[in-house]
Amino acid sequence: MPIPMELQHASDDFERFLADARDFSGLATRNQTYTMVEGVLLTFRRRLEVQQALDFADVLPPLLRAMFVSRWDVAEPVRPFADRATLTREVQALRQHHNFAPDSCLSDVARALRRHVDREAFDRVVATLPEGAADYWQA
């Protein structure tokens, strides 16, 4: 069996995603963008049970999937969804002194992500997640 195309082109696809996220957020560098994206993914992951998170990860492109599950303490208690301002501050707290995520980071990453996933599969999975999950990914 040949290597799946999504794996063969994972790095290029990831760079295109980062460029979109950078452009939507107005950030200057891919490093700043990476930290913002990581913060958005980790903040979301903290609100899901393990199986829910794995189901969500399955609809992400390979390198975003890896970011989403990397260094995961599955024993960490699941947090409730909060208002957007609180969630945004949580994203911005990741590596705080090196984090330039704008207040629009949730919608910026959501816009970029929706360009790089199968939207139907993404929406189908998000619809199965706890209340607040769909709002989190509003662009």
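Does R71 count as buried, partly exposed or exposed, and at what relative accessibility does R71 stand? R71 counts as exposed, at 66% relative accessibility. Exposed means over 50% relative accessible area, buried under 20%, and partly exposed in between (1.4 Å probe, protein chains only). This is a predicted model, where local features need pLDDT of at least 70, side-chain atom pairs count only at pLDDT 80 or more, and totals for chains, interfaces and linings use all residues. Residues are numbered from 1 along each chain as its sequence is written, and side-chain values use heavy atoms, with hydrogens and water left out.

**View 1. The buried face of helix α4.** Helix α4 spans residues 50–57. Helices (H or I, at least four residues) are DSSP runs, numbered from the N terminus. A53, F56 and A57 are buried in α4. Seen down the axis, the buried residues fall within an arc of 100°, so they line one face of the helix. The arc is that of the directions from the helix axis to the C-beta atoms. An α-helix has 3.6 residues a turn, so residues three or four places apart point the same way. The cover over the buried residues of α4 includes α3 (30–45), α5 (62–69) and α8 (119–126).

**View 2. Two arginines with positive phi.** Most residues other than glycine have a negative phi. R71 has a positive phi of about 50°. R71 is found in the loop between α5 and α6 (84–93). Phi of R95 is also positive, near 45°. R95 lies in the loop between α6 and α7 (105–114). R95 is partly exposed, with a relative accessible area of 36%.

**View 3. R30 and E15 join two helices.** The side chains of R30 and E15 meet in a salt bridge, 2.4 Å from N to O. A salt bridge is a side-chain nitrogen of Lys or Arg within 4 Å of a carboxyl oxygen of Asp or Glu. R30 lies in helix α3 and E15 in helix α2 (residues 10–25), so the pair ties together parts 15 residues apart in sequence. A search of the whole structure finds 13 salt bridges.

**View 4. E38 meets R71.** The closest N and O atoms of this salt bridge are 2.7 Å apart. E38 sits in helix α3 and R71 in the loop between α5 and α6, 33 residues apart. E38 counts as buried, at 4% relative accessibility.

**View 5. R46, E90 and a network.** R46 and E90 form a salt bridge (2.6 Å, N to O). R46 is in the loop between α3 and α4, and E90 is in helix α6, 44 residues apart. Salt bridges that share partners join R46, R47, E76, R79 and E90 into one network.

Note on methods. Contact = heavy atoms within 4.5 Å.
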